[in-house]
Amino acid sequence: MTEREKYGSRRSRLNRMIRLRQLAQAASVLTTPLAPEDILALFNPVYSARQLRGVVTRVVQETAQSATIFFRPGRGWHSHLAGQWARIGVELDGVRHWRSYSLSAPAGKDPAITVTDVGAVSGTLVRTTRPGDVLFLAPPQGDFVLPEHPRPLLMVTAGSGITPVMSMIRTLVPRRPDADVVLVHSAKTPGDSLFREELAELADQFPNFRLAHWFTGEQGRMDLTSTDQLDELCPDWKERAAYACGPDSFLDDAEALWKRAALTTAAPGSEVAVAGTTGNLMIERFNTTFNLGVGHDGGVVTFETSDREVEADGDTPLLDVGEDAGILMPSGCRMGICHSCLTPLRAGQVRDLRTGEVHGEPGQLIQTCVSAAAGPVNLEL
Amino acid sequence: MSVISPSKTTPASTKGSAAGGSRTRPGKLAESGSPTVRPPAAAHLSDEQVAELGRELDAIRDEILAKRGAEDAAYIRRMIKIQRGLEISGRAALLVSKNKAAWVTGTTLLSLAKILENMEIGHNVLHGQWDWMRDPDIHSTTWEWDFVTPSRSWQHTHNDLHHRWTNVVGKDNDVGYNLLRMDEQQPWKPVNLANPLFNAILAPLFEWGIAIYDLELTEYKEGTKSKEALLKDLKALGKKVVTQFTKDYAATPAVAMLTGSGKQALYGTIAANAIRNVWAHAVIFCGHFPEGTDTFTEEMVEGETRGDWYVRQMIGSANISGSKFMHIMTGNLSHQIEHHLFPDLPSSRYAEVAPRVREICQRYGLKYTTGPLIKQVGSSWAKVFKLALPGKTATA
Ligand SMILES: Cc1cc2nc3c(=O)[nH]c(=O)nc-3n(C[C@H](O)[C@H](O)[C@H](O)COP(=O)(O)OP(=O)(O)OC[C@H]3O[C@@H](n4cnc5c(N)ncnc54)[C@H](O)[C@@H]3O)c2cc1C
Ligand code: FES
Ligand SMILES: [Zn+2]
């Protein structure tokens, strides 16, 4: 496509969008107080005026514990970059729950998530999702993405942590002959190892992609507290831009290792962002270790606009407290990285569940997903 | 503080994040004791008995909260689907309503759609009965209904004021809507002679009556409502009036003009709104005005405990008996007693708790007023006529 054609097609898409919007506005005169989407939803469930949705098109069992779910998103979605994640809403016994899932499909293809059953929401997704089901969605986001310029890469992943990296490999390896990618993936057994066949095929077909499996069932946990194993698996690891995703302790070790290897460029004393970079290492966390059960007192949480109040303990994130009370709480990653949950504090103080720090001034925006009540708390919602 | 909430329940000790463990912010309920004067119909009960009754009703509520789930969610979604289906088929039929059969069909379907939307869906969604689903499409903070008064204004006068002060003369303006004399505690004025006339005019224009009522003009005149608040409400109402009018009285007839049915379509939408208004008026009047429902003085709510608050809801409300279809068309306000006890439980659960509430009333010697629609409508109209005249009338 020439630049001019590109421009032309963009313009006609824009025109179409404007026409659609005018049509919707005209139709809403007849449907008010409903939106035209509310009526269209009778015929196609992806329509909604308020909530992005997708319809499941295919479900593929990956391992005994995991499945890949392909879906067709409605209007409002934008295509993802390899490595990004999306918020997925699922209904459990009539109640909507939100979790984040990395998009495992390559960039430019229909989105898919690969979920491993470790709890209530993931279990429901893996065991009960069928083509035709509706998923609630938020558009893709996240900075755990491929570098802008080609570089030799090392991916270090464990368990379900391979999903964002799989999207990167699928995007890069078949399309870029100049790519140079090494994947070190740890799983319990070969049977538990996600995407094993596809990865083997890619490694066969593309000499610029090298694959090293680590099976903890046979070899024990991969030791990232020293450089010995890494030196063996990927001798030139220090020259590569590295990406790591997996359980918390695995990532903590990796982070420390790279730091020690003096590759860190972070200024002394500065915090390493949760999904940030440590020198040449980029990490993505699926969960955050909370500092729970230390007997902190909670307090009465007042949601001022909703005129509701709830007794909350000192360990439950205010996000969960609000959702359980039926308040529509803004949220994203639910682990303190995206700031989608920021809510103005009206009064009281909160405890950061990651650090234990108690803080809060009236008007301050707090992350409800990682904050619990420290005494009575008033929120603007 | 020794106060807990008036309406949405569970005792303060209930642990936090369990679903439904929330409550509206504290009102004026005492933890123990009794009101300055206990209503005559409950005067035979001791403080301990009233507290026990409160615990029994709390237990019923907790039991339903524990059961509430996918089945209930499916129910409200089914209702919404049916309502939207009725709405579009009704409007579609009106587009060709030059044909008599199409006019009758269209008007009937649209009336049913409007009734369902206002009663079983709108009223109950706006009460927060479905907030627990966390679905922004079916939520008390996002719902807007097919009724001229804006949802937010109505939520204030209805959820907050009427449900908190149920039947307390001077506090609950739903006792006569500042228009009718509906209780002998309200002093008689010559204008009350027109009670029946006013009520007859109010019925087909009910949505307008409610819209004006929700502006709280009396509060504004008395200085308890600020000018800014009134202007804000007026603006919201103005916007809503324009969109509602445009839809029913301009856009629908305009499209119908394409088939030469413009005038008929206009008559159809006018009729549908009027039918809905008459029905809503009848149902609402059956809630607190039929013979057997009590009104209360301010002394009877001073020092009220949770148990006393429950008692007031029960003896101040009246049910309508009838078929499942009738219950749905009244938005389950035919279970007015249960609705007033548990305003934020899903309406689909009222039928299930009704026999247990009735049994509790019986055991504690409290009346449980109920009757078929015709009887209850007749009874509330009788009150409209009786109170048009001065003097005391004997109500039980
Ligand atoms: C940015 C981001 C991307 C994510 N991408 C994926 C993905 O691609 N695939 C995927 O399966 N999950 C992914 N997750 C995790 C996912 O969001 C949920 O946390 C996970 O599915 C557990 O939710 P649950 O409701 O089933 O379990 P819960 O009932 O909430 O928790 C059950 C227990 O499992 C633990 N747990 C949470 N996540 C994991 C995990 N990944 N491995 C082992 N234990 C865990 C929890 O700490 C808890 O103790 C991602 C999370 C984030 C923040
Ligand atoms: S939800 Fe992402 S930071 Fe709170
Ligand atoms: Zn009500």
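**View 1. Surroundings of ligand 1 in chain A.** An oxygen atom of ligand 1 lies 3.4 Å from a polar backbone atom of Ala120(A), and in this predicted model an oxygen atom of ligand 1 is also placed 3.1 Å from a polar backbone atom of Val121(A). Ser122(A) contributes a polar side-chain atom at 2.5 Å from an oxygen atom of ligand 1. Ser122(A) is also listed with Ser100(A), Tyr101(A), Thr163(A) and Met335(A) as the residues that come nearest, out of the 21 around ligand 1.

View 2. Six strands of chain A form an open sheet in the order β4-β3-β6-β1-β2-β5, with antiparallel pairing. Its edge strands, each of which pairs on one side only, are β4 (95-102) and β5 (112-116) of chain A. On average, and with direction ignored, neighbouring strands of this sheet are turned by 40 degrees against each other. Helix α3 (residues 120-128) of chain A packs on the sheet, where it touches β1 (53-61), β2 (66-73), β3, β4, β5 and β6 of chain A, and its direction makes about 85 degrees with that of β3(A).

**View 3. Pairing of β3 and β6 in chain A.** Strand β3 (residues 85-92) and strand β6 (residues 134-137) of chain A pair in the antiparallel sense over 2 bridges. Ile88(A) stands opposite Leu137(A) of β6(A).

**View 4. The zinc site of chain B.** The zinc ion (ligand 3) is coordinated through the NE2 atoms of His123(B), His127(B), His158(B), His163(B) and His339(B), at 2.1 to 2.3 Å. Along the sequence, these donor residues follow the spacing H-x3-H-x30-H-x4-H-x175-H. Because His123(B) lies in helix α3 (residues 100-126) of chain B and His158(B) in helix α4 (residues 151-164) of chain B, the pair ties together parts that are 35 residues apart in sequence. Both His123(B) and His158(B) are buried.

View 5. Most residues other than glycine have a negative phi, and most peptide bonds are trans. The peptide bond from Thr32(A) to Pro33(A) is cis, with omega near 5 degrees, and Pro33(A) is placed in the loop between α1 (3-31) and α2 (36-40) of chain A. Phe195(A), in the loop between β8 (181-187) and α5 (196-205) of chain A, has a positive phi, near 60 degrees, and is buried, with a relative accessible area of 5%. In chain B, Asn167(B) has a positive phi near 65 degrees; Asn167(B) is found in the loop between α4 and α5 (195-202) of chain B and counts as buried at 2% relative accessibility.

Terms used
Residues are numbered from 1 along each chain as its sequence is written. Chains are lettered from A and ligands numbered from 1 in the order in which they are written. This is a predicted model: local features need pLDDT of at least 70, side-chain atom pairs count only at pLDDT 80 or more; totals for chains, interfaces and linings use all residues. Side-chain values use heavy atoms; hydrogens and water are left out. Donors are N, O and S atoms within 2.8 Å of the metal (3.2 Å for Na, K and Ca); water is not among the atoms, so sites may look incomplete. Helices (H or I, at least four residues) and strands (E, at least two) are DSSP runs, numbered from the N terminus. Buried means under 20% relative accessible area, exposed over 50%, partly exposed in between (1.4 Å probe, protein chains only). Two strands pair if DSSP finds at least two bridges between them. Axes are lines fitted to C-alpha atoms, for helices over the stretch in contact, and angles run from 0 to 180 degrees between N-to-C directions. Contact means heavy atoms within 4.5 Å. A residue is near a molecule or strand if one of its heavy atoms lies within 4 Å of it. A polar contact is a pair of N or O atoms within 3.5 Å; within protein, one must be able to donate a hydrogen and the other to accept it, and residues adjacent in sequence count only if both atoms are side-chain atoms.
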